[in-house]
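Hi,

Here is the structure I promised to pass on. Have a look at it first, and then read my notes below.

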Amino acid sequence: MLGILAGFVAAVLLLIVVNWILSSKPVSLHGKHVLITGGSSGIGKFLAIEAAKAGASLTLLARNQERLSEAKSEVEPYLTPKQRIVCVSVDLSKDYHQVEHAFRQAEEILGPVFMLVNAAGASVSERFDETPVDDFRRLMEANYLSAVYATRAVLPEMKRAGGGRVVFLSSQAGQLGVYGYAAYSASKFALRGFAEVLQMEAKPYGVAVTLSFPPDTDTPGFRKELEMGKPKETLLISDTSGVFAPDHVARVLLRDALRGRFLSYIGLDGFLLATVTCGVAPVSSLLEVVVQVLTMGLFRIVSLFYLSSFDRIVSKCLKERMEDEKKR
Ligand SMILES: NC(=O)c1ccc[n+]([C@@H]2O[C@H](COP(=O)([O-])OP(=O)(O)OC[C@H]3O[C@@H](n4cnc5c(N)ncnc54)[C@H](OP(=O)(O)O)[C@@H]3O)[C@@H](O)[C@H]2O)c1
């Protein structure tokens, strides 16, 4: 018995060492241009701080000029005299030519974009039949089309340069459908399809794609969504996984992107979800694929417990609502 255990431990250690030797080393951001959409707030702003610490020059892109200037002054203390920061105001979800023009403006000052982080996004949480129909289009534009436009504006130059990084911020709601997120989930699932295609097309040119699935993260966007109100079911389901700090989410995401990992997740739930939903996603390391193969079945069983607890929440809330209606 002891021998089997020792053999298992030795095999795991060997795997970790082989993986460490084979896995790609992180690229340096020193002197490179990192453009962050949604860089004026939340995860995007903390990514800007992390990229600044790593030596990059930065473009922060969003619509509201005032919030861009505020974010710029928060990032500036992390810059050395050789690094620069530029703010560009544009609505990413409307007209592609405006987006391209905004990117060219930034590149005239800081040179070609080496890393694009697609962090701009929006969210609403309502039951499907209570969601205003226009919100389905609005969220598709804000979360999916904005990333398509921004990526289109930088990819040709990255391919010519023979390297780069493109990062997408999906969501855990882009891995599984969650009550109340019909419009949001669909737009975040769309990013996955896009990112998988893009990585296959861009990889031969040395451009790596990273798809991040942040959990609930304490940002202005998250707080605004809470203020607007969510169905009780959505709140109770979200409560099962907790709220993360945006600087932590940004650090993990940047680390994964610099290592060229395709799937990026946060925490234990993130690991479970990324593994059980990996499908035929591209593999970033030997360790990753071994872990996926060995744990997939077990994690599927764990996911059934989660699903049944979510179903219980939904049934209980419906019962409560019906009783409330009867009392009125
Ligand atoms: N926070 C979470 O719990 C969480 C969880 C999972 C995934 N995510 C995703 O992670 C990303 C960042 O989330 P966050 O909570 O950090 O965001 P946030 O605080 O709400 O900030 C959103 C950013 O996107 C910009 N933006 C929104 N629409 C835009 C548009 N049409 N054109 C240009 N800029 C636009 C906003 O600036 P302006 O309004 O000035 O344009 C702002 O800078 C989002 O894609 C979000 O869906 C967040």
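Let's begin with the ligand and what surrounds it. Keep in mind that this is a predicted model. Three helices, α2, α6 (182-202) and α7 (220-228), each supply at least two residues of the shell around the ligand. Which of them gives the largest share? That is α7, with 3 residues.

In total there are 29 residues around the ligand, and the ones that come nearest are Ser40, Ser41, Arg63, Thr217 and Thr219. If you sort the shell by residue type, you get 12 nonpolar, 12 polar and 5 charged.

Now zoom in on some oxygen atoms of the ligand. One lies 2.6 Å from a polar side-chain atom of Ser41. Thr217 comes in through its backbone instead: a polar atom there is 2.7 Å from a ligand oxygen. For Arg67, an N or O atom of the side chain is 3.0 Å from an oxygen atom of the ligand. How much of the ligand does the protein cover? On its own the ligand has 890 Å² of accessible area, and the protein covers 92% of that.

Back to α2, which also has a helix partner. Helix α2 (residues 42-53) packs against helix α3 (residues 65-75) at an angle of about 35°, and their axes are 10 Å apart. The crossing of these two helices is right-handed. On the α2 side, the contact is made by Lys45, Ala48, Ile49 and Ala52, while α3 brings Ala71, Glu74 and Val75. Those contact residues divide into 5 nonpolar, no polar and 2 charged.

Conventions. Residues are numbered from 1 along each chain as its sequence is written. This is a predicted model: local features need pLDDT of at least 70, side-chain atom pairs count only at pLDDT 80 or more; totals for chains, interfaces and linings use all residues. Side-chain values use heavy atoms; hydrogens and water are left out. Axes are lines fitted to C-alpha atoms, for helices over the stretch in contact, and angles run from 0 to 180 degrees between N-to-C directions. Helices (H or I, at least four residues) and strands (E, at least two) are DSSP runs, numbered from the N terminus. A crossing is left-handed if the near helix is turned anticlockwise from the far one by less than a right angle, and right-handed if clockwise. Contact means heavy atoms within 4.5 Å. Ala, Val, Leu, Ile, Met, Phe, Trp, Tyr, Cys and Pro count as nonpolar, Asp, Glu, Lys and Arg as charged, and the others, Gly among them, as polar. A residue is near a molecule or strand if one of its heavy atoms lies within 4 Å of it. A polar contact is a pair of N or O atoms within 3.5 Å; within protein, one must be able to donate a hydrogen and the other to accept it, and residues adjacent in sequence count only if both atoms are side-chain atoms. Accessible areas come from the Shrake-Rupley method with a 1.4 Å probe; for residues, only the protein chains shown count as cover.
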